[in-house]
Amino acid sequence: MEPSQQNDPNKSNISAEMAALEDKAKQTFWGKLGCELLHTDEKTAIIALTAGKEHQNLLGIVHGGVYMSLMDNAMGLVVMSNQQNERTVTAAMNTHFLSSSSGGRLECSASMIHQTRRSVTLQAEVTDESGKLLAWASGLYRKI
């Protein structure tokens with residue numbers, strides 16, 4: 001575990017392998033979005049970001065694509081933790097936008113709800129700093 005993670009209680013449930021993966025992902029869309037890994041295991045993941053002006057749409061609220069990206073990333077982390085020797089892709093995602101936010105700290109939690117030999121089904125939700133539910137999704141991930 002990196003020294004910065006040793007001092008951060010939010011990062012205590014991250015394996016060295018997942019921390020290395022997060023570091024590598026900072027150069028991808030994950031990093032552009034501003035995602036931060038807080039927890040991951042074979043059944044759950046929690047990520048967060050601080051939404052600013054760059055995450056808003058022209059109405060001044062966080063773009064729905066930010067919520068969807070958070071949920072897809074969190075569900076994908078669960079699949080990666082659970083299916084370490086398998087390559088998987090998002091096959092379907094059903095999203096419900098429940099409330100809006102103008103920004104601030106957003107947290108996304110994901111959990112596995114079903115798996116077969118060829119697919120994994122998960123659910124995820126995005127909440128704001130007060131715990132208000134902003135979006136909910138289910139996702140189907142296929143092994144390729």
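The largest pocket in this predicted model holds about 670 Å³ of space. Grid points are joined across faces, edges and corners, and the volume is the space filled by probe spheres set on the points.

Before I go on, two remarks on method. The model is predicted, so to speak of local features requires pLDDT of at least 70, and side-chain atom pairs count only at pLDDT 80 or more, while totals for chains, interfaces and linings use all residues. Residues are numbered from 1 along each chain as its sequence is written, and side-chain values use heavy atoms, with hydrogens and water left out.

Which residues lie nearest the centre of the largest pocket? They are Leu21, Asn73, Gly76, Leu77 and Met80, out of 25 lining residues. The elements α2, α4 and β3 each supply at least two residues of that lining, and α4 gives the most, with 7 residues. Helices (H or I, at least four residues) and strands (E, at least two) are DSSP runs, numbered from the N terminus.

Let me turn to the sheet. Strands of a sheet pair through backbone hydrogen bonds, either parallel or antiparallel. In this model, 6 strands form an open sheet in the order β1-β2-β4-β5-β6-β3, with antiparallel pairing; two strands pair if DSSP finds at least two bridges between them. The edge strands, β1 (36-40) and β3 (88-97), each pair on one side only. From one strand to the next, the twist averages 20°.

Now the individual pairs. β2 and β4 are joined by 8 bridges, and Ala51 stands opposite Gly104 in β4. β4 and β5 also pair over 8 bridges; here Ser109 has Glu125 in β5 as its bridge partner, and a hairpin of 3 residues joins the two strands.

Leu70 is in contact (heavy atoms within 4.5 Å) with Leu33, Cys35, Ile47, Leu49, Leu106, Cys108 and Val126, leaving aside its neighbours within four places in sequence.

Is Ala45 buried or exposed? Ala45 is buried, because its relative accessible area is 0%; buried means under 20%, exposed over 50% and partly exposed in between, with a 1.4 Å probe and protein chains only. Not counting residues up to four places away in sequence, Ala45 touches His39, Thr40, Ala74, Leu77, Val78, Cys108, Ser109 and Ala110. Ala45 and Ala74 are 29 residues apart in sequence, yet 5.7 Å apart in space, C-alpha to C-alpha.

Conventions:
Axes are lines fitted to C-alpha atoms, for helices over the stretch in contact, and angles run from 0 to 180 degrees between N-to-C directions. On a 1 Å grid over the protein atoms alone, a cavity is a set of points where a 1.4 Å probe fits but cannot get out, and a pocket is an open set with protein on both sides within 12 Å along at least five of seven lines; lining residues have an atom within 4 Å of a point.
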